[in-house]
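Please work through the following exercises with the sequence and the model side by side. Each task is followed by a solution that goes step by step.

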Amino acid sequence: VQLVESGGDLVQPGESLRLSCVASGIIDPIYVMRWHRQAPGKQRELVASIAAIGSTDYAEFAKGRFIVSGDNALNTVYLQMNSLQPDDTAVYYCEAIIGLSSGDYSTAWGQGTQVTVSE
């Protein structure tokens, strides 16, 4: 099981970025994919999530600026981030919630991609 994020970069305030998360080696269905972020000295926080049924959810700070999307199997998900601000500077991680045949769930995390918003 492997999740690989990409797309992080250094951008100026007001600019946009699109992050990608590609899942591989997962046999069981992915039920939910989540984007989290962790800024220096702060706790990791949930940014957005997308379920296999297509429903999405966003943290308050992400509503109206960020859009999460993905393919039907959630093997590839995206996080479109618009109007980026310095407070959005963080390492962004994706997390997969995987349904097991036993009825339990497992999770997988990517290694993160750095987003820096600065003049």
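**Exercise 1.** How many bridges join strand 1 to strand 3, and in which sense do the two strands run?

*Solution.* Before counting, note that this is a predicted model, in which local features need pLDDT of at least 70 and side-chain atom pairs count only at pLDDT 80 or more, while totals for chains, interfaces and linings use all residues. Residues are numbered from 1 along each chain as its sequence is written, and side-chain values use heavy atoms, with hydrogens and water left out.

Strands are DSSP runs of E with at least two residues, numbered from the N terminus, and two of them pair if DSSP finds at least two bridges between them. Strand 1 and strand 3 are joined by five bridges and run antiparallel; within this pair, Val4 stands opposite Val22 in strand 3.

**Exercise 2.** Determine how strand 5 is placed between its pairing partners.

*Solution.* Begin with strand 4 (residues 30–38), which pairs with strand 5 in the antiparallel sense over six bridges, and where Arg34 stands opposite Ser49 in strand 5. The hairpin of these two strands has six residues between the strands, and Gly41 in this hairpin takes a positive phi near 75 degrees.

Then turn to strand 6 (residues 56–58), which runs antiparallel to strand 5 and is joined to it by three bridges, with Ile50 opposite Thr56 in strand 6. Here the hairpin has four residues between the strands, and Gly54 in the turn has a positive phi of about 105 degrees.

Finally, consider burial, where buried means under 20% relative accessible area, exposed over 50%, and partly exposed in between (1.4 Å probe, protein chains only). Five of the seven residues of strand 5 (residues 45–51) are buried, so this strand is largely enclosed by the rest of the structure.

**Exercise 3.** Which two cysteines are joined by a disulfide, and are they buried or exposed?

*Solution.* A disulfide is a pair of cysteine sulfur atoms within 2.5 Å, and by this rule the count comes to one. The disulfide joins Cys21 to Cys94, with an S to S distance of 2.0 Å. The pair links distant parts of the chain, since Cys21 is in strand 3 and Cys94 in strand 9, 73 residues apart. The link of Cys21 and Cys94 is right-handed, with 60 degrees about the S-S bond. As to burial, Cys21 is buried at 0% relative accessibility, and Cys94 is likewise buried, with a relative accessible area of 1%.
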